[in-house]
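Thanks for coming. I will walk through one model, going helix by helix and then to a single residue.

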Amino acid sequence: MRAQLGMNVSRGRSSAMAIAISTIDHDRHQIDAVAFGPIHYIDVEQHLVEERNIGGITYKEFVDARDASLLFALSPAEIRQIVSLVRSLARQSQLGPTAVLVSSDFAFGIIRAMEMLLEDVAEVRPFREERVARSWLASKPN
């Protein structure tokens, strides 16, 4: 079962969520999401809570973040919060692998740093090419 999801309106904010699920395929255990605009801790938290609520936290995920600005990277406190959140979720459930498609060396470096900080609890990997990202996800078991 594959569902196309529209833009989600976040609570307490007038704009659409900065990280939105575009498709979820429950049969294949896969999620596609798009991230755009400035991304802060709260955006990551809302996205992960949404994934958990729809039963997709264990699914493989492809995030197109080429149009996102990782503003949380400017704050070590926000990075620590994101790492803590992911670790907390990993204690509750196994997390699916996540491929993050980025468009800059800065974003690649930030996601790579998070990959290292989370390597014992979650697979989060940056990519510059969509084909390579999707191939990596396809190599992961469901």
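Let me begin with helix H2, residues 76–92, which has 17 residues and reaches 25 Å from its first C-alpha to its last. That is close to the 24 Å expected at 1.5 Å a residue, where the expected span is 1.5 Å times one less than the number of residues. Helices here are DSSP runs of H or I with at least four residues, strands are runs of E with at least two, and both are numbered from the N terminus.

A word on the source: this is a predicted model, local features need pLDDT of at least 70, side-chain atom pairs count only at pLDDT 80 or more, and totals for chains, interfaces and linings use all residues. Residues are numbered from 1 along each chain as its sequence is written, and side-chain values use heavy atoms, with hydrogens and water left out.

Which residues of H2 are buried? They are Glu78, Ile79, Ile82, Val83, Leu85, Val86 and Leu89. Buried means under 20% relative accessible area, exposed means over 50%, and partly exposed lies in between, with a 1.4 Å probe and protein chains only. Seen down the axis of H2, the buried residues fall within an arc of 160 degrees, so they line one face of the helix. The arc is taken from the directions from the helix axis to the C-beta atoms. The face turned away from that buried side carries the exposed residues Pro76, Arg80, Arg91 and Gln92. Helix H1 (41–53) and helix H3 (105–118) are among what covers the buried residues of H2.

H3 also belongs to another arrangement: together with S5 and S6 it makes a right-handed β-α-β unit. Right-handed means that, with the strands pointing away from the viewer, the path from the first strand over the helix to the second runs clockwise. Strands S5 (residues 98–101) and S6 (residues 124–127) run parallel and are joined by 4 bridges; pairing requires at least two bridges found by DSSP. In this pair, Thr98 stands opposite Val124.

Next is helix H4, residues 130–138, where Ala133, Trp136 and Leu137 are buried. These cover an arc of only 100 degrees around the axis, which puts them on the same side of H4. Arg131 and Ala138 are exposed on the other side. The cover over the buried residues of H4 includes S4, S5 and S6.

Last, Phe62, which sits in strand S4 (residues 60–69). Phe62 counts as buried because its relative accessibility is 3%. Leaving aside neighbours within four places in sequence, Phe62 is in contact (heavy atoms within 4.5 Å) with residues including Ile31, Leu101, Ala133, Arg134 and Leu137. The C-alpha atoms of Phe62 and Arg134 are 7.2 Å apart, although 72 residues separate them along the chain.
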